[in-house]
Amino acid sequence: MMGNTIVADLLPQSLPDQAAAVRSRSDEPVLELRDISKRFGGVKALTNMQVKAFPGQVVALIGENGAGKSTLVKILTGIHKPDGGQLLLDGQAQRFSSPQAAMKAGITAVHQETVMFDELSVAENIYIGHHPMVGTPARVDWAKMETDAEALFERLEVRMNVRAKVKELSIAQRHFVEIARALSQHARIVIMDEPTAALSQREIQELYRIIDQLKAAGTAVIFISHKFDEIFRVADRYTVLRDGEFVAEGSIADISEQQLIAMMVGRTIAQVFPKEDVPLGDTVLSVNGFSHPTEFDDVSFQLRKGEILGFYGLVGAGRSEVMQAVFGLTKPSRGSIEINGKKVVIKSAEEAIRAGIAYVPEDRQHQGGLMSMSILHNVTLPLLEKMGFWLLGKKRKELSITRDYTHKLELKAAHFGQSISELSGGNQQKVILAKWLATKPSVIILDEPTKGIDIGSKAAVHRFMSELVAQGLSVILVSSELPEVMGMSDRIIVMHQGQVVKEFARSEATSEAIVAAASGVTHD
Amino acid sequence: MTNFIHQRKRELILALLIALLIGLIGVRAPIFLTLKSMDNLVTDMSILLMLALAQMLVIVTRGIDLSIASTLALTGMMVALLNHHHPDIPVLVLLGISIVLGAALGLINGVLIGVFRLPPIVVTLGTMSVYRGLTFVFSGGAWVSSNDLSKSFIEFPLSRFGGVTALVWLALLSLIVAAWVVKYTRFGRELFAIGNHPSAARLVGIRIPARLIGVYTLSGMMAGLCGYLWVARYAVAFTEIAYGFELNVIAACVIGGVSIAGGAGTVVGVVLGSLFLGVINNALPIIQVSPFWQSAITGTVILVAVLVNARGDKRGGKQILPLHFRSASAKG
Amino acid sequence: AEKVKIAMVVKSLGNGFFDAANEGGKEAAKALGDVDFIYTGPTTPTAEGQIEVINSLISQKVNALVISANDASALVPIAKRAMQRGIKVISFDSGIAKDGRQLQLNPSNAELIGVKQLQMASAAIGGQGEIAILSATAQATNQNIWIGEMKKGLQKPEFSKMKLVATVYGDDQSDKSYREAIGLLRSHPNLKAIIAPTTVGINAAAKAVADEKLIGKVFVTGLGLPSEMAGHVKTGAVKSFAIWNPIDLGYSATYIAHEFVKGKATGKAGETLNVGRMGKIKVDGNGEAAMAAPFTYDSSNVDKFSKVF
Amino acid sequence: MTSRYQVEDRAAHFWKELFKRWEVLLLGIFVMIFVFNSLHSDHFLDPYNLADSTFNFSEKALLALPMALLIICREIDLSVAAIMALSSMAMGLANQHGLSAYELAAIGIGTGVLCGLMNGVLVTKFRLPSIVVTIGTMSLFRGIASVVLGDQAFTNYPTEFGEWGQGYAWGIIPKEFIVFLVAIVVFSLLLHATTFGRRLFAIGNNPIASRFTGIRVEQHKLFLFVLMGAMAGLASVLLTARIGSTRPNMALGWELEAITMVILGGVSIAGGIGTMLGVVIAIFTMGMVTYGMSLDNIPGIIMTILVGFLLLVTITVPAVLRLGTVRKE
Ligand SMILES: Nc1ncnc2c1ncn2[C@@H]1O[C@H](COP(=O)(O)OP(=O)(O)OP(=O)(O)O)[C@@H](O)[C@H]1O
Ligand SMILES: Nc1ncnc2c1ncn2[C@@H]1O[C@H](COP(=O)(O)OP(=O)(O)OP(=O)(O)O)[C@@H](O)[C@H]1O
Ligand SMILES: [Mg+2]
Ligand SMILES: [Mg+2]
């Protein structure tokens, strides 16, 4: 499979022989994991876990944060070696000694982390690790690589300049490059670990279409997501795991969302969006005519005490940039901010924190967490200023603050001295949330606060938001999840290409109207 | 065309600067512009260029090789001693030996960095001391001077083929090989991928340890080859030869726009960077700038070059030298 | 009886000149019978390095230090501390300032060295033409003294037709010295001779002249070791060069140190020192003593001496 | 509301973890070397000799302490030794105008501050990698010293000034060493007991997230470069006082020795990790290794082999162990 990729068979659907063969025994799993265990030091990530994947079917892996989903993916792709258990491919036991071995066996993954090489071209990003070669002495066949890549995107019906450097692409475009990479390898099994986390509604639709194409071609898909609407849309089967252990599996057709949730968390969750009504007070934050040379233009809004203000828009609409400017991280070219009716100038995050604003960024790996620092040090970092110059003898105080806030968010960790790189994605997010809540802000800006968080914790975050506003805080909720925005917000502001296009009161918001506004459709 | 200019902006600016510099020097000392002087210039910068090309491949992986000057001294001393004691070993064999020796020394770096995942700057700082010390141990601190070396040994680097010195031919060959490696081999392409995003490189199945071992071995090989060339060219070997030369090599890369953060760098840039330093080193004695000024001028040039290079290049989260495996455990 | 510990501290290890001086020191130790001889020095020729070495020698309670200094004044404090602890301090070759030693043994007299080099250059180029100097580092004490003497010498009528056009520094690095030499040849097309009073420099200059195919047009001379220079004498790039005998120098310095330890010498002005096989040497008003005039080597004798040092 | 999960305050095997720490390993090495030296040489345990041995590393150690802070912050300064040369030159110039010892020291440290400021501004304002900037300023600073000094040396410093570098307190402990001890206390407190220090760790860990958390990353870095410059100036004051002479090539190569001390001390070159205790133990270990060897008159270059080897071994051993456990999984 190294040098002789042919454009025509890039997509599995044009592999009639193989597809037919696979389909003929589609009741046999193409891939099966039995009794897989994996520990990281003292942490049991997986215990006797089992999964089956069938050709032409999508199996959804469902579990809370830290349940072991990503670990499973890494075992399947040869990145981690399991401590015990069996991996069967077409009924044959296999051991992957390296990622290459897994790739050769036809397993590819779109990982939860971005796997992108900024300085390299789109085409090369797809073929890195398995460049097509030509001639003697063998050399990289650039021409073929580029035409093949173009053909791939044509099949995906995505427009893409394959010679562009990846650093010039948008987040969504990058995602398609990753998907194209997975497809470029004749995979029989494609794994997608939270592929939709950074995609907009429209792009998610695109993805569904691609998954359907894969299924039609007999490819087995393993799909990981925390969003149930997606799971019910794409999956044929489900496998639930809890705390690294197998719980149940079956056909999606035979099960309801409530049942899945119950299996996943081991209890039932009453209400996902428990927004309580809170009387609104005076305006606490007022942003007037904020502009930026490239990112956004003339953005104004008011936030009242006890209010949750939702910001909706497609990825790239500029919401994050506006919030970062409010938080003093970037400098607006024009505009002013008033807090409690008084004009303030915020030139740095430090001043913003002092003014009572907190900002929970969307990119937790790069902007949020201090990955190799402990939970304790992460949570207390923004509080240091208040602690004074000397830290001697203040450990007890730091611990009690950390305990308070992480407890409320149901953090799962061994101890507070643990570095947060050892936590699962969702638990990292909880630490970061705890850090900001501990600053006791009067305005808290949450940028995609539940991205990658499991449903139980998501409910906890939402409940917590309600509690916050009940205590008199004000919340700005930036989210690309429509149900979340609609469920939680008192008011919804929709942005499109750097501008505020529409504002909805809670009562008048309908999903159709919001999506239309976000896509730039104007019909007044 | 405009695209070309856009992509190659740095290189074009640098090339213009060099042309300007050569012009200015020529006005002051026309002798600098003679063919003979130019011939001397390219001969003189050959070793710098060869080492810088190898160093570029290392820096591209987010690494650095501080041990090259010591490797050069050690292999240079070994082949000089060999030649002294066994004058009948042909020069080409010695050339081969110096390459193999250098490769072995580089391999040690490579294994420590690739297999044991140790930071390159620390490993090569350590081997830099060790290799330099071993040079002293093997030579007993004594010189091997021109009288101890055979005529053919000394003459090879400056012997001319088609009017051009062997040194320049070797540099040209290295240049072609480096350009080929960077553009047309999996090895070369994967070095860039590793430098761009090490943990992602692992996920797409690049064998990082093997690649790193390869690139440090290559760097050692080049240093070994240059060890022979250096000793033969200056007809003397002693413990301190090429002391501190690794910084010149790194400076040549940096001036040529190789990003110390890894993942970016071009062969053309490295050639221009080496040329820049070569011109300055050669011209200052000729235009009779007081020798006391040389160091200050070199320093200023490096600073100006990086300032020019860096404009518009805003890479956040920079490190001294970002490591390969650090983000592998960071999850998301 | 208790052995006398004498330590020779040189500018840097791995220098052929000092290795030869070491031989001389060992010879003296053997001749004297009751001497424990230590040969040491820093790796790079810096004053700080020498100070570290001397520090440890003081700790070892040696009886005498024989030092060739990298910096005349920087070694004064540590040498004073040594003297306070009863250690005799003698400098040789490159001296320590007067406060920091009991005697300075010059290999020769600075004026003689300067003039000698001018004479060799003059003989090589027929008494007239442009000459240049390629020195070591700009800080080297002895280099600078000799350069000063050469500049004085050029005022004399017999050298009046020679013109010093440049003084450059190769930092005792072969590549830099080589490049500086090439620079001299380029920028001074009428250059006739390069005087390099340093072993790295004279080697590099000779190589540069040979590579530039200027043998017979430009002559290199200066101070070098026969073993290192023999090749260049053969090619003709160097007609003659000079050096005092470093073995004799090491021998004398060690011998004198022993005299000091035994209380047979004090370093007073006008004192006559007994230097074993070298005879007697007189101390001048500055507390300095000079050994002998430098010896000239050319094609007639270089092979013989290259086997010795 | 109660959480479903229990999170302990600290690791269950806290003490077991402690023994795996780098500092403990280093301390073991230090004790071994100390014992070996005492058995091997009669002169080693002499208190006067031990006190004198600190002359060999006190000034380098003053460079290592702030260097540790910089490296924890993901920066590096290769120009420190060159700053020392330039500071010394400034003091030499001032000395020619007959300034007092205190004024000379102020000028030395002030020059260091200016040099550090220049490094800091180039790194933080222009966002250049510090390794590149300081390779450039290294040439520049030493170059300026060389331009001013030429082939001359500045000497004749006041006696009182010389006393700071050469003198002893209570007749036995070198004054330089006392300066170093004070610096240890100050730097340890700064890094481990203040919010400033905690922020340095945060910056080294993730500069972007630190900025998002309200830390003025660039100001902290700028301050560290200035501090580094000031300490290099202080080291220069002591060195100049000790040797009573200024030359452009003074303290040549000390930057690498200081960095070696820091890395040996367990500070991660990737930033964010390290302790002052480790660095201090590393300084003493290196000091004792070289002192022990020099009592045997082993040439310095052999010592560099040993120090290089020590560096490689101390980083490789934990890596080999780590690799072993990974294999077992
Ligand atoms: N490299 C590692 N070192 C230590 N522990 C790890 C490592 N990788 C994962 N773990 C632990 O294994 C468990 C499972 O993590 P994993 O990332 O598989 O969860 P997940 O189901 O993907 O969660 P999420 O939905 O939050 O992404 C967690 O407790 C996590 O802390
Ligand atoms: N063309 C592009 N090239 C590179 N990066 C881009 C591009 N477009 C957007 N990005 C990056 O993608 C991220 C998301 O874009 P942005 O923050 O502007 O959108 P948003 O409205 O905040 O979207 P969301 O919050 O839903 O992600 C930003 O960090 C931005 O820098
Ligand atoms: Mg996951
Ligand atoms: Mg955004």
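Reply: We will go through the chains, two residues and a ligand in turn.

Me: Happy to start. What should I know about the model and its labels?

Reply: This is a predicted model, in which local features need pLDDT of at least 70 and side-chain atom pairs count only at pLDDT 80 or more, while totals for chains, interfaces and linings use all residues. Residues are numbered from 1 along each chain as its sequence is written, chains are lettered from A and ligands numbered from 1 in the order in which they are written, and side-chain values use heavy atoms, with hydrogens and water left out.

Me: How many helices and strands does chain A have?

Reply: Helices (H or I, at least four residues) and strands (E, at least two) are DSSP runs, numbered from the N terminus. Chain A has 19 helices and 22 strands. Its radius of gyration is 24 Å, close to the 24 Å that the globule rule gives for 524 residues, so chain A is as compact as a globular protein of that length. That radius is taken over C-alpha atoms, and the rule is 2.2 Å times the number of residues to the power 0.38. Along the principal axes, the C-alpha trace of chain A spans about 70 × 50 × 50 Å.

Me: How do I read burial and surface?

Reply: Buried means under 20% relative accessible area, exposed means over 50%, and partly exposed is in between (1.4 Å probe, protein chains only). Buried residues make up 61% of the 524 residues in chain A, 66% of the 309 in chain C and 63% of the 329 in chain D. Accessible areas come from the Shrake-Rupley method with a 1.4 Å probe, and for residues only the protein chains shown count as cover. Chain A exposes about 20,000 Å², with 49% supplied by carbon and sulfur atoms. For chain D, the figure is about 12,000 Å², with 69% from carbon and sulfur.

Me: Which chains share the most contacts?

Reply: A contact means heavy atoms within 4.5 Å. Five pairs of chains are in contact, and chains B and D share the most contacts among them. No contact joins chain A and chain C, whose closest C-alpha atoms lie 37 Å apart. Within chain D, residues 24 or more positions apart account for 78% of the contacts with a separation of 6 or more.

Me: Where does D:Asn297 lie, and which residues does D:Asn297 touch?

Reply: D:Asn297 sits in the loop between helix H14 (276-295) and helix H15 (300-328) of chain D. It counts as buried, at 18% relative accessibility. Leaving aside residues up to four places away in sequence, D:Asn297 touches C:Ile38, C:Thr40, C:Leu57 and C:Gln60. A polar contact is a pair of N or O atoms within 3.5 Å; within protein, one must be able to donate a hydrogen and the other to accept it, and residues adjacent in sequence count only if both atoms are side-chain atoms. One such contact, of 3.0 Å, joins the side chains of D:Asn297 and C:Gln60.

Me: Is D:Ser130 buried or exposed?

Reply: D:Ser130 is buried, with a relative accessible area of 3%. This serine is found in helix H7 (residues 130-149) of chain D. Not counting residues up to four places away in sequence, D:Ser130 touches D:Glu75, D:Ile76, D:Val123 and D:Phe225.

Me: Last one: how many residues surround ligand 2?

Reply: A residue is near a molecule if one of its heavy atoms lies within 4 Å of it. For ligand 2 there are 17 surrounding residues, and the closest are A:Gly316, A:Arg319, A:Ser320, A:Glu321 and A:Glu362. A polar side-chain atom of A:Ser320 lies 2.5 Å from an oxygen atom of ligand 2. The protein covers 69% of the 620 Å² of accessible area that ligand 2 has on its own.
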